[in-house]
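Please look at the sequence and the structure shown here, and then read the short report that follows. Each section takes up one topic.

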Amino acid sequence: MACLEVAYLGVGVMGERVITFAEALNEALDQEMARDPKVFVMGEDVGVYGGIFGVTKGLIEKYGPERVRDTPIAESGFIGAGVGAAAVGYRPVVELMFIDFLGVAYDQIYNQAAKIRYMFGGKAKIPLVVRTTCGAGFRAAAQHSQSLHALFIHVPGLKVVMPSTPYDAKGLLIASIRDDDPVIFIEHKALYGIKGPVPKEPYEVPLGVADVKREGKDVTIVATALMVHRSLSAAKKLEEEGISVEVVDPRTLKPLDVDTILNSIKKTGRLVVVDEGYPRCGFATDIAALAASLAFEHLKAPVKLVTPPDTPPPFSPVLEDAWMPSEEDIIKAVKNIVK
Amino acid sequence: MLGGIILSVEEIPKEKLLWMYEKMLTIRISEEKAAEYFAAGKIPGFVHLYAGEEAVAVGVMANLRPDDVITSTHRGHGHFIAKGGSLKAMWAELLGRKTGACKGKGGSMHIADLDVGELGANGIVGGGIPHAVGAALAFKLAGVDRVAVSFFGDGASNQQNFHEGINLAAIWKLPVIFVCENNLYQISLPYSKQQTIKSVAERGKAYGIPGVEVDGQDVLAVYEVAREAIERARRGEGPTLIEARTYRFKGHFEGDPQIYRSKEEIEWWVKNKDPIKLFEDKLLSKGIVTKEELKGIEEKIRKLVDEAVKYAEESPWPDPKEVLEDVYSTPTKGWLVWRWPI
């Protein structure tokens, strides 16, 4: 993780307990499993191993192998089993180790979990959470580095959550588990080790509510996951040059807090979207379309999109660093429209 | 092959036998009506009929309790009716009406009623198999003796969800019964060209579970095989794979030109292997029912089907604004069901 500078959390009050993003998620799972016997965890290496990124650590000792269930490498089978268990009233939290693996299980998510309620005329509830990881920066190449959230945002019936801080991670995961709809909960791998204040007691961060991570008046940056941190870091540098940047973190990408985003654009008149997803038909273009359709008269400059290029993530550190949206890219995009 | 004790028809209560007969006949008469209505342009979309395969759904379902669950296929009318779904709600759904089982949002391919344990017909081949596994997992976690049955076709037995789902159920010893309705064709591709093994049931071995082949045109044979598998599942002894050899009397879908099989072949099956006729002959020859009784049952069922069709035709269409409803259960802030303002 040394290659990833996590700059500025934007939260933090003296005296509050500080834990990591991974610990915050672990605590959310623990507290929800303690609260509701219908919550259970299932996925590859989630048991004794504690999850490949350590998020389910200690849960098997506490809740046993029935509720912390290791699975074979059969993502379609066990995500589909999550759908079935949810359809009869359980609340499975299923782990898809890397979002890149969704291809082998996508039908169970986009044709099954997402559509069952609608197709059956509102009779079914599918309270399923699929936790998965995204993000580049680990020299993990094209099949372990992608940010494919757009493929889920695209599908009606899913909710898509992408937290950027430990506080949001815990509150959003608890809200997702308590939600009666299928939620795709996406954790950026580079964020697991970051620390931030997290209350000990269970709490919900409501789905569909964005968070203004930094207030500003000249330009709005809408950013997701790790890109929130890069944008905050860029904003700090831009401040020194007299440019005031507002950073909006949608936190949930579906539903989307359109009002908060539009209000910010109306205030600043300028928009940069920073996202690690691919450039075409992605979250960034979606927000650009939103601005063009609903805030055109408030825009003083073209909307700028900062995303990776239209290529798979490469392996070599030199290539990957060039591929990923950097702080410099963000600064350049902002300066381009703030003259 | 089945190793259990073969019941003679006299050992099954008459009430149960008549239930099976009535369900099979209801499916057949309703499917014939659906063919007629589809041809007349009154049923929108795609329709896959279950005529010829009735003994499979009914023979299995005769062993299930209302709190057991099933997953079904694109050819799902029979499963829906046999599991206790409302005929009126099914017909209203086929016609796309507001009163339909899915409020006009699913149609023939997605007919479902969770209230009777019918977790849904599925437009994706093999898509429902893991759902039955998950429901069975929930039953195991809850410590109850409910079971889940997954119906699917021979085509689905080459799908990842078949292999992954059965393997999960096997390693976790879940109360699932996998019922392969092998109707010998995957749309046009004959079974012999889909796989090299002679029977889907043989695949049970690959997952360390029993695989049983049964004549899917003999409702009592299906009943017995299913009974053993279901009892086994309820006792916590794990899943069974049943392969019911059957035949669809209609095309893959209504309108299918069926160039992949001969008229003679279809006629042979209809003449010699009609599950309803075979069952009638058995009931009559054993003196369990009289011809008059059967005639009375048929009249009653024709009336029920006509009433269901009438109910559907007289039902209102959904309000176009309902297109935005039923996407989500839990409301949230933000834009949940997106629609660009025009």
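## Contact between the domains of chain A

In this predicted model, 24 residues of domain 1 of chain A are in contact with 25 residues of domain 2 of chain A, two residues being in contact if their C-beta atoms, placed from the backbone, lie within 7 Å. On the side of domain 1 of chain A that touches domain 2 of chain A, the elements that give two or more residues are α6 (149-153), β6 (159-161) and α7 (166-178) of chain A; helices (H or I, at least four residues) and strands (E, at least two) are DSSP runs, numbered from the N terminus. By class, that side of domain 1 has 13 nonpolar, eight polar and three charged residues, where Ala, Val, Leu, Ile, Met, Phe, Trp, Tyr, Cys and Pro count as nonpolar, Asp, Glu, Lys and Arg as charged, and the others, Gly among them, as polar.

Domain 1 of chain A covers 18-197 and domain 2 covers 211-337, with bounds that come from an automatic or database domain assignment. Taken over C-alpha atoms, the centres of these two domains are separated by 26 Å.

## Two helices of chain A

The axes of helix α9 (residues 258-268) and helix α10 (residues 283-294) of chain A come within 11 Å and cross at roughly 65°; axes are lines fitted to C-alpha atoms, for helices over the stretch in contact, and angles run from 0 to 180 degrees between N-to-C directions. In this pair, A:Val258, A:Ile261, A:Leu262 and A:Ile265 of α9(A) meet A:Ile287, A:Leu290, A:Ala291 and A:Leu294 of α10(A), and by class the contact has eight nonpolar, no polar and no charged residues.

## Contact between the chains

Between the chains, 40 residues of chain B are in contact with 46 residues of chain A. The elements that give two or more residues to the side of chain B that touches chain A are α5 (129-142) and α6 (160-171) of chain B, and α5(B) gives the most, with nine residues. By class, this side of chain B has 20 nonpolar, 14 polar and six charged residues.

## Surroundings of one residue

Not counting residues up to four places away in sequence, B:Ala136 touches B:Val147, B:Ala148, B:Ala169, B:Leu174, B:Pro175 and B:Val176.

## Basis of the report

Residues are numbered from 1 along each chain as its sequence is written, while chains are lettered from A and ligands numbered from 1 in the order in which they are written. As this is a predicted model, local features need pLDDT of at least 70 and side-chain atom pairs count only at pLDDT 80 or more, whereas totals for chains, interfaces and linings use all residues.
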